[in-house]
Amino acid sequence: MTAPPERSLLGQLRDHARQFGDTVAVREHTGADWLTTTWSQLLSRVRTVAHNAGRLPAGQGPVVVALENSTDGVAVLLGLALAGVDVLCTEPETSQLTDPHSVLYRVPVSGLITRQVPDGLPSAPRPALTYERLLTGPAHGGGPWAEPREDPAVHQLTSGSTGEPTAVRQTLATVGRGGALYRDIHEYTSADRVFLPLPLAHSFGMVGGMAAAIMARAELMLLPKFSLSACHDALGAGATVLLGSPLFYRLLASSRPERAAVAAVRVALSSGGPLPEETRQLATKDLGLTVHQVYGSTETGLIACQRGPDAGPPDSVGAVAPGVEWRLEHDERLSPEPDSGVLHVRTSTMFTGRLGPTGALPRPADAWYDTGDVARVDSSGRFTLLARKDTFINVGGRKVNPRRVERIVAGHDAVREVHVFGAEDAGGEEAVHAAVVLAPRGTPGRAPTAALHTYLRSRLLPYEVPHRLHLLPRLPRTALGKVDLPTLRASVLATRSTAPAAPPPGHEPIAHPHVPISEVED
């Protein structure tokens, strides 16, 4: 017998509200307690947003949504989708909004939706609407139901081959299919509580967290503001499925006062970067179960993942996911191993294109996607990643663009030259380093660096700010005039540990774990 077609994400939401309307859909941490929203209440808010979407200006591009990790954020995203509105998702606190050179000002957009319109918007994306205007109005729980006539686009920011972020186009149907994959592979059920401390605006959070929870009728647990104490509250409140980055698991395990197993947690998934074995062992001891790696990208969705008790060797990212075609293009310069090569894939959740300066740039039909990763596959079909072609710095699962940070550092009048690069600390996590040559009028010492720190903190998010500044008389260069990175790294890293400084007492990361402490090397 042929299996019935998978219900759409919005169709599942409607059915859950009709059949299980009084069951909790979202549990949101308020700081002191948890605020619950049922499936019928969530559907009503989604339909209110769809009704109010008529206030949005007509335009040729998507609406930028500063997507909160909250019930309101879920309602705004799904409500706009129900109204057939294309969206471009960013985190609610992002320097992209106030950076006139960011991708948000290089592509056509129709407006901005945020909790509060930030000061200093250079120009577009405008006009702006607030969450309150979209969510305020009569409840729309009844009446006829009509899904959007066209599959709305969900754009997400990701790193591109040029080094600058690009807007990748997915569709709501693709998001739903990805959620169904997570549900089926890791056996999410209606008895689960899916805890998502990662941003909803990122693919792992949106698909593996929100979409998978809706497709399984599981309860979604959200933190509008990240804190380690709130994460411990979520574990105590019965979270059964946990999604995080390697740094999240490291901080979570090291901050728990006791080492007793968390009985309710049955699945723990890690994405956003390689999971160091030391972190895996620490988290396993803390949670009482093995943390499994997930491998994929915004462009492709899920590619491979570890699953079940036989997850394979620790350095593997697991077996290929259902619906994924793959091939390795061998390159001796990248890896001499005969069973390795640059990984190219085609998936059932492949992106449909990108958003360029003149509008949508479609992906050629049936084209293979170059992941940029050098991989090896064993006889059991498990992938091991050997290297990455891109240059992005991975800070707690978030990709920091070194060229963009360089551009902003160089904008300070005390800086003559700068080169930004990543280096692993003692725990296997990457930190942002900036080698800086001061302008001749600058006075070496702490005064100019203090001013530089203030300057950077006002223009970058904490995890983007260089963790360490190295003041040098000049940058080493090759015969072609390029920065000699091996020489630079050796000169500034050889004599000191790169272990990140601990957060000061009482400090907890915002929105996602990071180490915002900068140090100065004179």
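This is a predicted model: local features need pLDDT of at least 70, side-chain atom pairs count only at pLDDT 80 or more; totals for chains, interfaces and linings use all residues.
**Exercise 1.** Determine how helix 3 and helix 6 are oriented to each other, and which residues make the contact between them.

*Solution.* Begin by locating the two elements: helix 3 covers residues 71–82, while helix 6 covers residues 203–216. Next, take the geometry of the pair, whose axes lie 13 Å apart and which pack at an angle of about 80°. Because angles from 65 to 115 degrees count as roughly perpendicular, helix 3 is roughly perpendicular to helix 6. Then turn to the side of each partner: helix 3 contributes Val74, Leu77 and Leu78 to the contact, and helix 6 contributes Met206, Met210 and Ile214. Finally, sort these residues by class, which gives 6 nonpolar residues, no polar ones and no charged ones.

**Exercise 2.** Describe the second largest cavity by its volume, its lining and the elements that supply this lining.

*Solution.* Start with the count, which comes to 2 cavities of 30 Å³ or more; the second largest cavity holds about 40 Å³ of space. Its lining consists of Ala25, Val26, Trp39, Leu42, Met210, Ala213, Ile214, Ala218 and Leu220. Now assign the lining to elements: strand 1 (24–29), helix 2 (39–52) and helix 6 each supply at least two residues, and the largest share, 3 residues, comes from helix 6. By class, the lining has 9 nonpolar residues, with no polar and no charged ones.

Note on methods: Residues are numbered from 1 along each chain as its sequence is written. Side-chain values use heavy atoms; hydrogens and water are left out. Axes are lines fitted to C-alpha atoms, for helices over the stretch in contact, and angles run from 0 to 180 degrees between N-to-C directions. Helices (H or I, at least four residues) and strands (E, at least two) are DSSP runs, numbered from the N terminus. Angles under 35 degrees count as roughly parallel, over 145 as roughly antiparallel, 65 to 115 as roughly perpendicular and the rest as oblique. Contact means heavy atoms within 4.5 Å. Ala, Val, Leu, Ile, Met, Phe, Trp, Tyr, Cys and Pro count as nonpolar, Asp, Glu, Lys and Arg as charged, and the others, Gly among them, as polar. On a 1 Å grid over the protein atoms alone, a cavity is a set of points where a 1.4 Å probe fits but cannot get out, and a pocket is an open set with protein on both sides within 12 Å along at least five of seven lines; lining residues have an atom within 4 Å of a point. Grid points are joined across faces, edges and corners, and a volume is the space filled by probe spheres set on the points.
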